[in-house]
Amino acid sequence: WAWAYWKYLGDNSQITPIIQALSTEAAKYSHGINGATPEGFAQAALAEHLRPLCHRCSGRGSMPMGGVCPRCKGEGGKQLSRSAIARLIGAKSWKPAYAGTLSILLGEISAWEYAIYQTVKQNLKQKQP
């Protein structure tokens with residue numbers, strides 16, 4: 001629940017457990033990737049998840065009347081460059097091997113978000129008359 005306390009309640013003391021949890025997960029998949037550190041993968045996944053949303057489409061990637069957003073080209077926001085991600089990971093340059101570990105960590109963050117959503121949904125359901 002560190003993610004909920006940090007993201008939705010602004011409790012910055014939770015950033016350490018979040019980075020530790022992501023680093024532990026990254027260590028399972030980043031073994032043998034030269035120059036990259038599990039903590040770096042955690043930082044990169046967090047930065048990618050929190051990247052700024054496109055103001056034109058509000059992060060949807062599509063326009064309200066249909067079609068792909070011309071500003072973000074359907075991405076919903078500005079992605080970090082591969083070189084920026086490599087620097088966060090602790091490597092000198094981007095390697096395709098990094099993508100799998102980042103994808104797994106972003107999936108982990110999505111699972112946390114989904115768990116929060118399910119808990120709120122369940123709590124609201126129980127409070128209805």
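Modeller: We shall go through the fold, the core and the pockets in turn. This is a predicted model, in which local features need pLDDT of at least 70 and side-chain atom pairs count only at pLDDT 80 or more, while totals for chains, interfaces and linings use all residues. Residues are numbered from 1 along each chain as its sequence is written, and side-chain values use heavy atoms, with hydrogens and water left out.

Colleague: How many helices and strands does the protein have?

Modeller: Helices (H or I, at least four residues) and strands (E, at least two) are DSSP runs, numbered from the N terminus. Here the protein has five helices and zero strands, so that its pattern along the sequence is simply α-α-α-α-α, by the DSSP runs just described.

Colleague: What share of the residues is buried?

Modeller: A residue is buried when its relative accessible area is under 20%, with a 1.4 Å probe and protein chains only. By that rule, 33% of the 129 residues of the protein are buried.

Colleague: Which residues touch the most other members of the largest nonpolar core?

Modeller: In soluble globular proteins, nonpolar side chains tend to be buried together. A nonpolar core is a set of buried Ala, Val, Leu, Ile, Met, Phe, Trp, Tyr and Cys residues joined through side-chain atoms within 4.5 Å. The largest one holds 24 residues, and those touching the most other members are Trp3, Ile18, Leu22, Phe41, Ile89, Tyr98 and Leu102. Helix 1 (2-9), helix 2 (15-29), helix 3, helix 4 and helix 5 each give this core two or more residues, and helix 5 provides the largest share, six residues. As for Ile18, leaving aside residues up to four places away in sequence, its contacts (heavy atoms within 4.5 Å) are Ala2, Trp3, Trp6 and Trp112.

Colleague: Which element supplies the largest share of the lining of the largest pocket?

Modeller: On a 1 Å grid over the protein atoms alone, a pocket is an open set of points where a 1.4 Å probe fits, with protein on both sides within 12 Å along at least five of seven lines, and lining residues have an atom within 4 Å of a point. The largest share of this lining, four residues, comes from helix 5, and the residues of the lining include Glu48, Trp94 and Leu106.

Colleague: Which residues line the second largest pocket?

Modeller: Among them are Glu48, His49, Arg51, Leu106 and Ser110, and the elements giving two or more residues to this lining are helix 3 (38-49) and helix 5.

Terms used. Buried < 20%, exposed > 50% of the residue type's maximum accessible area, 1.4 Å probe, protein only.
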